[in-house]
Amino acid sequence: MSPAADGSSAGRDPGAPDHGPGAGAPEDDGTPPATARARMAGWLRTVPGLAASTAVTTLAAAAATAVFTGALHLWPTSSEPKVSLSVETDPMRLDAEGDLVQLVPAARFDRTRPQNGCADFWSWARARGGVDEGQTTMQLTVTNSGSNTVLITGMRAQITSREPVSNVVETECRTQGKAKVYAVHIDLDKPQPYGLYDKNGKSLPPEFTVAAGDLETFLVTARIGHGAAHWNLAVDLVEGGHERSIVVDDDGKPFTTVTRPAHPTVWELDPHGGGWLSPLGEDVPTGQASGSS
């Protein structure tokens, strides 16, 4: 039989691809692997093959781009945050003005005196459940150990709970300090207690920059006029182009600020070691254990 009698092309290589219109990829018909690879290589040189190859290459490039882009989003844009906050609440260690005052639960006021007078007053009162009367004052230090400038955009109190004032006595030790830092005030009676900074006679939200490798110190005073409030301090920052907030508390628990009772029993500590002065102006009898907890 002649080559043309069965419809095949004369002299055509059995492994050569069909270049006619509409030719598709060769099917798997049991051809040996070497012959199949030769057919595939030939098909890829046809118009349909080139189109398919281009499509596969485009999809692969798109997939690689998506994976790489996703990796950029997942990869940290910078090193770990370099801003840290610390607070000091002991008035004897603050650059502040005012007397030392603490409200101590009446049942826990044992009339013992701090061993070192006003220097130990704060720890003495806190050991007996003392809380801040009328206002809480703290020295907030913002330290930037990174390489970028940090912008402080706000400070606010996060109220965790409120309650009425319990049966307390007012204890105090008169002393004075000197204010040397920026003063920020917070009104705890407001539903959203935001900090305000007094500048040129105006109360403005605090906005300060902390240069790389530097620190800034603030005297934060939170006042209350109704009941008692438990709260944490949140500081809003912009660091490396990203906004975030850092929350600080009172050594693992919320700060507590209590309104001064209408007619409190007042005990004043003699800063010179003479003990407590009773509400009647008489010294507490000697013999109390000095500095006991």
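Author: A salt bridge here is a side-chain nitrogen of Lys or Arg within 4 Å of a carboxyl oxygen of Asp or Glu. This is a predicted model: local features need pLDDT of at least 70, side-chain atom pairs count only at pLDDT 80 or more, and totals for chains, interfaces and linings use all residues. Residues are numbered from 1 along each chain as its sequence is written, and side-chain values use heavy atoms, leaving out hydrogens and water.

Reader: How many salt bridges does a search of the whole structure find?
Author: Seven. One of them joins the side chains of Arg128 and Asp110, at 3.1 Å, N to O.

Reader: What does that pair tie together?
Author: Arg128 lies in the loop between H3 and E3, and Asp110 in the loop between E2 and H3, so the bridge ties together parts 18 residues apart in sequence. Helices (H or I, at least four residues) and strands (E, at least two) are DSSP runs, numbered from the N terminus.

Reader: Is Arg128 buried or exposed?
Author: Buried, with a relative accessible area of 3%. Asp110 is partly exposed at 32%. Buried means under 20% relative accessible area, exposed over 50%, partly exposed in between (1.4 Å probe, protein chains only).

Reader: Which residue meets Asp132 in a salt bridge?
Author: Arg126, also with N to O at 3.1 Å. Asp132 is buried at 5%, while Arg126 is partly exposed at 26%.

Reader: And what does Arg244 pair with?
Author: Glu239, with the closest N and O atoms 2.8 Å apart. Elsewhere, salt bridges that share partners join Arg126, Asp132 and Asp250 into one network.

Reader: Switching to H3. Which of its residues are buried?
Author: In helix H3 (residues 118-127), they are Cys118, Phe121, Trp122, Trp124 and Ala125.

Reader: What covers them?
Author: The cover includes strands E2 (100-105), E3 (131-133), E6 (168-173), E15 (265-270) and E16 (275-277). Gly129 follows H3, with a positive phi near 80°.

Reader: Now Asn144. Where is it?
Author: In strand E4 (residues 135-144). Asn144 counts as buried, at 2% relative accessibility.

Reader: What does Asn144 touch?
Author: Leaving out residues up to four places away in sequence, its contacts (heavy atoms within 4.5 Å) include Lys82, Val83, Thr149 and Asp214. A polar atom of the Asn144 side chain lies 3.3 Å from the backbone oxygen of Ala211.

Reader: Big picture, how many helices and strands?
Author: Three helices and 16 strands. Buried residues make up 32% of the 293 in the chain.

Methods:
Polar contact = N/O pair within 3.5 Å; in protein donor to acceptor, adjacent residues only side chain to side chain.
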